[in-house]
Amino acid sequence: PNLESIQVSVVGSANKGKSHLLAKLSGIDFPSGYNIKTEGLSVMLPSSPNHPISFMDTEGMLTGIPLQGVQPEEIESCFRDRKTTESLLQNYIISAADIILVVVDILTYSDQMLIEKIIRINESIQKSRNDSEKICL
């Protein structure tokens, strides 16, 4: 783990309580609620050197893509862009975090695939950096 600051991240599908969980764990007011949507990545840096923990809240994975007003020939591009963006975000979070909380309601196949991806990327990072293991809950 980074000795300057421990990085805690949450990942999971949309509307599973990621922001709410971080707010409860950190005491930081992460906006949360069924109608509140985290866009991309929200980062809260340590408030003091005595509490060296950074929190990363993420947009829900595998969310629907609004296609209203999208031309039929642009639909494939929208899906490709979403897949690329989610993959980039997941890779960043997995590589940057010391502790990863995977938030689920009912464990789904996509949740299992995300957990498997975290394990694969973490193993790759460990080999390339000679890094310590992440904690994944």
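Here are a few questions and answers about this predicted model.

Reader: Let's start with charges. How many salt bridges does the count come to?
Author: The rule asks for a side-chain nitrogen of Lys or Arg within 4 Å of a carboxyl oxygen of Asp or Glu.

Reader: Is Glu 76 buried or exposed?
Author: The cut-off for exposed is over 50% relative accessible area. Glu 76 has 59% relative accessibility, so it counts as exposed. For Glu 76, then, the word is exposed.

Reader: Which residues form a nonpolar patch on the surface?
Author: One of them, Val 43, belongs to strand β2, residues 41–44. Val 43 is partly exposed at 40% relative accessible area, and joining a patch takes over 30%. Together the patch has about 370 Å² of accessible area, and its members are Leu 41, Val 43, Leu 45 and Tyr 92.

Reader: Back to helix α2: how far apart in space are Ser 95 and Asn 122?
Author: Ser 95 is found in that helix, which covers residues 75–96, and is partly exposed with a relative accessible area of 22%. In sequence, Ser 95 and Asn 122 are 27 residues apart. In space, C-alpha to C-alpha, the distance between them is 7.0 Å.

Key
Residues numbered from 1 in each chain as written. Predicted model: local features only at pLDDT ≥ 70, side-chain atom pairs only at ≥ 80, totals over all residues. Heavy atoms only, no water. Patch = residues over 30% accessible without salt bridge, like charges linked within 9 Å, V, L, I, M, F, W, Y side chains within 5 Å. Areas by Shrake-Rupley, 256 points an atom, 1.4 Å probe, with all protein chains shown as cover. Helix = DSSP H or I, 4+ residues; strand = E, 2+ residues; numbered from the N terminus. Buried < 20%, exposed > 50% of the residue type's maximum accessible area, 1.4 Å probe, protein only.
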